[in-house]
Amino acid sequence: MFNWAFIGTGTIVRKFIKGLSAVEGANLYAVGSRNISRAEEFAKEFGIEKAYGDISMLAEDDNIDCVYIGVPHALHKPYMELCIKKGRNVLCEKPFTINEAEAKQIAELAKEYGVFVMEAAWTKFLPVIIKVKELLESGAVGEVCDIRASFGFFSETDVTNRLYDLELGGGALLDVGVYPLMLALYYMDGCPDKIESDALIGATGVDEINHFTLVYNRNGRRVTAQLSSALKENQGADAVITTTKGRVVIPDFYQAQEAYVYDSEGKLIQTISHSHSSNGYEFEARAVQTCIAKGIAQCDVHTLDDTIDILKIADGMRKEWGLVYPADNMQT
Ligand SMILES: NC(=O)c1ccc[n+]([C@@H]2O[C@H](COP(=O)([O-])OP(=O)(O)OC[C@H]3O[C@@H](n4cnc5c(N)ncnc54)[C@H](OP(=O)(O)O)[C@@H]3O)[C@@H](O)[C@H]2O)c1
């Protein structure tokens, strides 16, 4: 049995638990909330063995194999610190931290305490996303010329919603922009040479719409990734990878179950499919369980260096937009 503990009782924790229903050996062991009654109710609803109303008490529990953190962004770092210092393995929701400096501190801490720590980059673990990566690397579809990917939805401005709360790390980039960004870095194998970006900063101070282009120089060839995210526009979440021999289209890439490969004439030449056995979160959960069982410090699909790259790029763009989170002023 692999004992999972959950911090938070909101939307994503519920989804992740559903994903675990398809993972062999996963046991819903403990839940922690700011409020003991909420933790107890949640535990009862899902048949979770232990309920904690104090996160530091949860972190003390030696029976936990991995803590899954699903709380607002600004709380990721303090909760990770608490858990790592008690020797817990951690899978933390995206964005891993508010900025690069925080991510580096956590990476150091993970090394010091010898625990497994990973950002919950679930989309990178979807078999279709991995198969497209293999296809691009095989050269069968030529070289990548351009990647277009968005993740945008419409929501009403709501100061009580974490999405619009500067203190909690709200905004489109950190909430959903990290998905197209991590997809592009995955398929391009690392950071660009140049970034062009702009954003609409809303009344609550967070970015509501952003567009950004990653520019790579690949042996004199200009390769781009044109990306965007939004809290105020339904941009969908499709990805299109144009190559020298055609293009690959991944509808709803963040939860992909299919991808379509077209030749340069626009003819469909291949369909890549892999269905979820639950809701898609099972793939990252399975990978985490395997790494921890085998004593592997970091999962090669999404390493802490990959996470640091994402936050380094996000920091650079935010600087241009003048978007500063409280955590940015708290670096030691
Ligand atoms: N991977 C994905 O597909 C996906 C999807 C959605 C969100 N996320 C990520 O998951 C994390 C949580 O998002 P969510 O949509 O699940 O949020 P949510 O529904 O608002 O739930 C967040 C939970 O965090 C806990 N919490 C602790 N301190 C809090 C505070 N000061 N304010 C608000 N909540 C607090 C709350 O549980 P208690 O009240 O019980 O403590 C709450 O239920 C974020 O990092 C988000 O980016 C990922």
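Me: How far apart do the C-alpha centres of domain 1 and domain 2 lie?
Reply: They lie 25 Å apart. This is a predicted model: local features need pLDDT of at least 70 and side-chain atom pairs 80 or more, while totals for chains, interfaces and linings use all residues. Residues are numbered from 1 along each chain as its sequence is written.

Me: What makes domain 1 and domain 2 domains?
Reply: An automatic or database domain assignment sets the bounds. It gives 2-121 + 282-301 for domain 1 and 127-275 + 311-330 for domain 2.

Me: How many residues of domain 1 are in contact with domain 2?
Reply: 14 residues of domain 1 touch 14 of domain 2, contact being C-beta atoms, placed from the backbone, within 7 Å. Helix α5 (residues 100-113) gives the largest share of the domain 1 side, 3 residues. Helices (H or I, at least four residues) and strands (E, at least two) are DSSP runs, numbered from the N terminus.

Me: Which residues of helix α2 are called buried, and why?
Reply: Ala-39, Phe-42 and Ala-43 of α2 (residues 36-46) are buried. Each therefore has 20 or more other C-beta atoms, placed from the backbone, within 10 Å of its own.

Me: How do you know that the buried residues line one face of α2?
Reply: Seen down the axis of α2, they fall within an arc of 100°, so they share one face; the arc is that of the directions from the helix axis to the C-beta atoms. They pack against β2 (26-32) and β3 (50-52). On the other side, Ser-37, Lys-44 and Glu-45 are exposed, with 12 or fewer such neighbours.

Note on methods. Contact = placed C-beta atoms within 7 Å.
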